[in-house]
Amino acid sequence: MPPVNRFHLAIPFNRPFATGAEFGYIREAIDGLQLSGNGRFARQCSAWLQEQTGAGAALLTPSCTAALELAALLAEIGPGDEVIMPSFTFSSTATAFALRGATPVFVDIRPDTLNIDEEAVAPAVTDRTRAIVPIHYAGVPAELDSLAATARAAGAVLIEDAAHALGSTYRGRPVGGDGELAALSFHETKNLTCGEGGALLINNPTLVERAEIMQEKGTDRARLFRGEVDKYTWVDIGSSFLLSEISAAFLWAQFESADEILRRRFEIWDAYHAALAPLEEAGLLRRPVVPAHCTHSAHLYYLLLPDEAARDSLIECLRAESIAAIFHYLPLHSSRAGKLYGRSHGALSVTDDVSGRLVRLPLWVGMGSAEIERVVQAVETALG
Ligand SMILES: Cc1ncc(COP(=O)(O)O)c(C=O)c1O
């Protein structure tokens with residue numbers, strides 16, 4: 001298939017949404033004379049994230065990738081350690097731990113939610129297992145109760161890659177509160193965005209002080225800001241895991257409109273789900289599954305086609321209608337770096353099967369009912 005610039009089609013896959021308040025807040029940040037990290041807007045954003053997720057602390061980071069890297073440092077993951085995760089995920093889930101010299105151990109996913117198969121995790125545990133890292137695919141939570149129990153039994157840290165799942169709940173609990181650590185993304189494709197951005201949620205109180213130090217290049221600068229010391233110095237290892245105040249100001253505008261943004265995303269998700277039900281009943285595709293004990297974040301709407309040829313043909317038909325629909329993760333266990341740095345445990349047959357059959361439909365705030373109808377009709381025509 002020739003490459004396509006998916007942003008320039010009549011109905012792009014994603015169109016980042018700005019509320020209109022972003023410019024004013026960026027101006028305020030400039031006038032406030034602090035553009036580096038952990039300024040006023042960053043503190044407001046952190047407090048909002050704590051309120052939404054119940055997390056003990058929330059540190060803004062330059063990306064979800066950076067938040068995962070900070071999590072790996074905090075969990076003291078090192079050479080020889082093993083970290084269990086799904087293969088059906090983004091490279092960042094694995095590379096954050098491979099960077100520390102650890103081995104990502106890939107296990108299969110569930111056929112319904114496409115999340116890590118919690119039953120496959122315990123058999124993959126060894127005496128080197130140090131962390132278990134589920135993702136919440138499409139914002140549908142993984143089986144957190146079972147994963148937390150397995151992590152406890154293994155003496156491993158549960159680190160949630162919650163890049164898709166801000167606002168989702170598992171058995172009534174906000175996602176991001178179960179793991180000792182959880183990483184969020186504010187990349188332009190995410191529900192709430194500042195272009196590139198992320199956050200680390202910290203639920204283990206003993207890790208908060210060290211996290212603040214590691215975020216600030218290994219210094220105790222956070223204590224200086226709080227007036228606890230009169231100068232700051234290098235006290236530990238760390239890096240620059242800070243989000244610029246310009247990005248935090250942008251993000252604050254998005255947080256203020258989070259309810260409205262989520263409401264509009266759900267309208268589109270629900271419209272797709274209702275309109276495509278007859279095609280599922282006819283056996284032509286499968287729609288996303290959201291277990292009754294979970295709520296999701298309307299982060300993305302995907303379809304599973306009967307096979308790879310049907311999926312590729314659907315993408316082609318939609319492209320001919322100027323609609324951008326795209327596949328998702330190529331399994332990490334069969335990627336070049338995955339083979340070099342990781343290993344698989346057990347058969348990854350669901351992962352291999354699903355990744356070849358999955359397609360994501362356009363979903364962005366600003367899509368009107370005419371556009372949704374056009375996408376649905378194009379899918380109907382392609383499969384009809
Ligand atoms: C599951 C998952 N984790 C991490 C990331 C990386 O997020 P970021 O671009 O904020 O680093 C992504 C990107 O989409 C993702 O899908």
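Which domains does the domain assignment of the chain give? The assignment, which is of the automatic or database kind, gives domain 1, residues 22-256, and domain 2, residues 258-383.

Before I continue, please note that this is a predicted model, in which local features need pLDDT of at least 70, side-chain atom pairs count only at pLDDT 80 or more, and totals for chains, interfaces and linings use all residues. Residues are numbered from 1 along each chain as its sequence is written, and side-chain values use heavy atoms, with hydrogens and water left out.

Let us consider the two domains together. Their C-alpha centres lie 25 Å apart. In contact, meaning heavy atoms within 4.5 Å, are 48 residues of domain 1 and 38 residues of domain 2. The size of an interface is often given as the accessible area lost when the parts come together. Here the buried area, summed over both parts and computed with a 1.4 Å probe, is about 3,400 Å², and carbon and sulfur atoms give 59% of it.

How many salt bridges are counted between domain 1 and domain 2? The count is 1, where a salt bridge is a side-chain nitrogen of Lys or Arg within 4 Å of a carboxyl oxygen of Asp or Glu.

I turn now to the ligand. An oxygen atom of the ligand is 2.7 Å from an N or O atom in the side chain of serine 185. For lysine 190, a polar side-chain atom lies 2.7 Å from a ligand oxygen. Taken alone, the ligand exposes 400 Å², by the Shrake-Rupley method with a 1.4 Å probe, and the protein buries 92% of that.

Note on methods. Polar contact = N/O pair within 3.5 Å; in protein donor to acceptor, adjacent residues only side chain to side chain. Buried area = accessible area lost by both parts, 1.4 Å probe.
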